[in-house]
Amino acid sequence: MLELSQDTGVTLPGGAGAVRFGMTPDEVLSTLTEGAVTRRRQCMTLTREQYPELRHAHDAWLNGLLHDPDWAFEAEFDGVRLGFWGGGPGSADRLARLDVTTTVPAPATPVAWDDIDLFGYPAGEVAEALPEVTRLPDGPAAGAGRTATGLVVETAGLRLSLLTPAAAGQRAVLLGPDARSWQACCDGAWECAKEGDALTGIMR
């Protein structure tokens with residue numbers, strides 16, 4: 001089981017320890033077992049130096065486009081992929097965000113937050129179990145007959161993207177205290193400043 005906590009970060013399966021917010025990339029790598037670590041660098045990921053303004057970099061960070069080379073690794077746990085991200089200006093070398101994505105429809109590794117199995121139940125039941133949750137409007141998802149549901153627990157720094165029926169690609173994002181290092185451009189954890197655009201100056 002992967003256990004998410006805004007205070008701790010993530011407790012790894014099988015008593016392998018915990019990856020804590022504020023760790024450096026080397027500290028995270030030393031906590032992970034060698035067989036779990038994979039290295040990927042998507043062709044569309046970009047470094048923060050490529051953005052004309054901070055708000056554009058923040059928008060890219062929120063959307064998974066911003067790439068800091070030191071964090072170019074992930075970990076795999078029986079149907080679940082765990083990604084790691086540094087924070088904003090002055091905190092890029094400290095773990096500030098965890099991304100958890102299912103790679104199979106029914107992963108063997110449960111993902112829990114506060115004893116709630118985030119991917120093990122329909123989106124509606126997960127929403128009922130979460131405290132102070134905001135449910136985003138449902139929308140069509142990839143695949144015929146699927147519905148995408150977004151859930152946010154602002155106070156816990158937790159955001160979910162769930163598919164019904166469940167499928168690979170369900171996602172949880174957890175922000176830690178160092179995510180506040182983006183406040184120079186944005187007040188909210190999940191939004192960037194007005195006119196923030198991750199592709200400004202890059203694709204236009």
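**Strand pairing, backbone geometry and salt bridges**

D115 is found in the loop between β8 and β9, where strands, like helices, are DSSP runs numbered from the N terminus (E, at least two residues, for strands; H or I, at least four residues, for helices). The structure is a predicted model, in which local features require pLDDT of at least 70 and side-chain atom pairs count only at pLDDT 80 or more, whereas totals for chains, interfaces and linings use all residues. Residues are numbered from 1 along each chain as its sequence is written, and side-chain values use heavy atoms, with hydrogens and water left out.

Although D115 is not a glycine, its phi is positive, at about 65°; the residue is exposed, with a relative accessible area of 74% (exposed means over 50% relative accessible area, buried under 20% and partly exposed in between, with a 1.4 Å probe and protein chains only). A positive phi, of about 45°, is also found at D78, again not a glycine. D78 is placed in the loop between β5 (74–76) and β6, and at 60% relative accessibility this residue counts as exposed. A further backbone feature is the peptide bond from T164 to P165, which is cis, with omega near -5°; P165 lies in the loop between β13 (158–164) and β14 (171–175). For context, most residues other than glycine have a negative phi, and most peptide bonds are trans.

The strands on either side of D115, β8 and β9, belong to an open sheet of five strands with mixed pairing, in the order β3-β2-β1-β8-β9, two strands being taken as paired if DSSP finds at least two bridges between them. Its edges are formed by β3 (18–20) and β9 (116–117), each of which pairs on one side only. Within this sheet, β1 (residues 2–5) runs parallel to β8 (residues 111–113), to which three bridges join it, and E3 stands opposite A112 in β8. With β2 (residues 9–11), by contrast, β1 pairs in the antiparallel sense, also over three bridges; S5 stands opposite G9 in β2, and the two strands form a hairpin with three residues between them.

Six salt bridges are found in a search of the whole structure, each defined as a side-chain nitrogen of Lys or Arg within 4 Å of a carboxyl oxygen of Asp or Glu. In one of these, D68 is joined to R48, with the closest N and O atoms 2.7 Å apart. D68 lies in the loop between α2 (54–62) and β5, and R48 in the loop between β4 (37–38) and α2, so the pair ties together parts that are 20 residues apart in sequence. Both D68 and R48 are buried.

R171 forms a salt bridge with D99, the closest N and O atoms being 2.5 Å apart. This pair links distant parts of the chain, with R171 in strand β14 and D99 in strand β7, 72 residues apart. R171 counts as partly exposed at 26% relative accessibility, whereas D99 is buried, with a relative accessible area of 6%. A salt bridge also connects E53 with R55, at 2.8 Å between the closest N and O atoms, and E53 is partly exposed, with a relative accessible area of 39%. Finally, E74, E76 and R81 are linked in a network of salt bridges.
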